Amino acid sequence: MPMSDSAALASTQPDQRPTFGERLRRFYSRSDAMRGYTLLSPTLLVMVTMLCIPFGIMVLMSFWTQSGFDISTSFSLDNYASVAEKPIFQALLIRSLIISGFCAVATVLISYPMAYYVAFHVHRRKLLWIILMTLPFWTSYLLRVFAWKVILGFNGVLNTGLISLGIIDQPLEFLIYSPTAVVITLAHAWAAFAILPIYVSLEKIDRSLLEAAADLGDGPVRSFFRVTLPLSLPGVIAAMLLIFIPTVGDYVTPALVGGPDGLMMANLIQAMFGKMNNWPLGSALAVSMMIIVTLIALAYVWVTRKLVGRIA
Amino acid sequence: MSRAGNFGSPSRLLAAYAILYLAFLYIPVLFLPLFSFNDALHTTFPLKGFTTKWYEQMFYDEKMHQALWNSLKVGAVTSVVATTLGIFGAKAVTRFRLPGQKPIISVIMLPLVIPVIIMGVALLILFSRMGVPLTLFTVTLGHILICVPFAMATLMARFEGFDRSMEEAAADLGDNAWHTFWRVTFPLVFPGVLASLLLCFTISFDEFIMAFFLAGTEQTLPIFIYGQLRFPQKLPSVLALGACILVVSFFVVFFSQWLQRRGGGKPTTGAGI
């Protein structure tokens, strides 16, 4: 170990006055925070650069205008004016918010009993259950959405299956290319984002509180509503947010199973950067969407904090 | 829970629900492998007959091979870079008490809650204004941005999980920081590192939206698949390819999750695991 040898050699000469560099190094090695920040700096630098610079330029571009094939870089609020005025933009944004809202609520509702089961009723092989519940989430999103197209399609699994069983004689047309199809597909795709936070908050609950409730005469239903549910609310609230925010900007699901009635904001943004070739307007749409989603998320957090505060 | 007797058995009901839930998660995905062996162009019931010809077709598809190779390259570089950045970040926030630690972690985790399309178009604008041509390199940059939060979360759990006194002992015995890291810290966090590598690779390999905006003319596998979806006669070979990807992803992710949660790692999902 040549490096530690030389270090040992250096420390055996105490009569030498420490140089400025030496003192700096000593101060540095004593300061935990400085060492921590240095270690953190590459990661933080990469993330901040890759988030801030692109976002800055996108915001800047949203104030430019497209004229023909050129982009005029003089400042203008035209894009935001048309975002605010044209009904199609508002309609798409509201539809995106409603679909994502439905999806967040539905996913949390169907995932809660599952998380509850694993937290309170599974005693062996919990690890296996958790992996099983979250495994599909890590596999190809595109393929999972595509699987729903195969199932819900006009000539898909569900329609042809029901016909060959003799239950229906015409394919059901409402299955695919509708907002419902988008909600189902998204709920399936984002299930892990509901399961994990709810499970964690359920698992954290002190079991002696439940025993206390039982000792004081609460039945299982009462103790669920008075102890378990309120204590698991942080997980539920986090799950809703974790599903709502990314799904508002989802692009693949509406494109594959949404049809014209299920198109969402992200499809329009994509079109602005593709076929319609109006990057400044696309930027303005993206920025507006981010601002509105952030405001909704903040309002949601504020309201739920108040509510949880009142319950607790 | 024994008091629950008076309205059926909630435990059994819940267990039945859990099975249904898992069915909801898994059955839709299982239709892809099922129809990939079906001797028909359409995904309709009743099944027509068993065939492996869609898999055979895959072996002769040059464009698919190129896309697969591209995805492997992007995935490998992404997972190594993201995991390295994750190691720095995770070690820093678990070993040192940093003022402002929470906001810093939130900034690094930000890509988890930003719609990918927003990050995709923002990077697209940046690259085009800077005159950077869209290649696999730009896709890799985008994927690193997505993967670092996952790497960081995986590794933080692992770094928090093991006994810090081991590192202190090594330092007391005269190891310098670099040696302590290689001889003590690294072997202890290795399962976490491996889990992070596998996870980041899978995320990058399967990522579509970012690649859709940043790939230019070089296709990754998900972009290739998306392009094939327009041609109905290509559907069965997409199913075969999808089935292969799903099977491999399932094994890789299962292994990575098992590594991550087994033994040493701090149970990120609760006590008693």
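## Helix crossing in chain A

In this predicted model, helices H11(A) and H12(A) form a right-handed crossing, a term that applies where the near helix is turned clockwise from the far one by less than a right angle, the anticlockwise case being left-handed. Helices (H or I, at least four residues) and strands (E, at least two) are DSSP runs, numbered from the N terminus. Two packed helices are described by the angle between their axes and the distance between the axes. For helix H11 (residues 207–215) of chain A and helix H12 (residues 220–248) of chain A, the axes come within 10 Å and cross at roughly 145°. Axes are lines fitted to C-alpha atoms, for helices over the stretch in contact, with angles from 0 to 180 degrees between N-to-C directions.

From H11(A), A:Leu209, A:Leu210, A:Ala213 and A:Ala214 meet A:Ser223, A:Arg226 and A:Val227 of H12(A); contact requires C-beta atoms, placed from the backbone, within 7 Å. This contact has five nonpolar, one polar and one charged residues. Here Ala, Val, Leu, Ile, Met, Phe, Trp, Tyr, Cys and Pro are nonpolar, Asp, Glu, Lys and Arg charged, and the others, Gly among them, polar.

## Domains of chain A

Chain A is divided into domain 1 (15–61) and domain 2 (78–311), with bounds from an automatic or database domain assignment. Their centres, taken over C-alpha atoms, are separated by 38 Å.

## Architecture of chain B

Chain B has 11 helices and zero strands. Its C-alpha trace spans about 70 × 70 × 30 Å along the principal axes. Of its 273 residues, 47% count as buried, that is, with 20 or more other C-beta atoms within 10 Å of their own, C-beta atoms being placed from the backbone. Among contacts between residues at least 6 apart in sequence, 77% join residues at least 24 apart.

## Interface

In all, 82 residues of chain A are in contact with 78 residues of chain B. On the side of chain B that touches chain A, H1(B) gives the most, with 16 residues. By class, this side has 55 nonpolar, 15 polar and eight charged residues.

## Confidence and conventions

The model scores are ipTM 0.83 and pTM 0.84. Over residues 1–7 of chain B, pLDDT stays under 50.

Local features need pLDDT of at least 70, and side-chain atom pairs count only at pLDDT 80 or more, whereas totals for chains, interfaces and linings use all residues. Residues are numbered from 1 along each chain as its sequence is written, while chains are lettered from A and ligands numbered from 1 in the order in which they are written.

Methods: Contact = placed C-beta atoms within 7 Å. pLDDT = per-residue confidence, 0-100. Buried ≥ 20, exposed ≤ 12 C-beta atoms within 10 Å, placed from the backbone.
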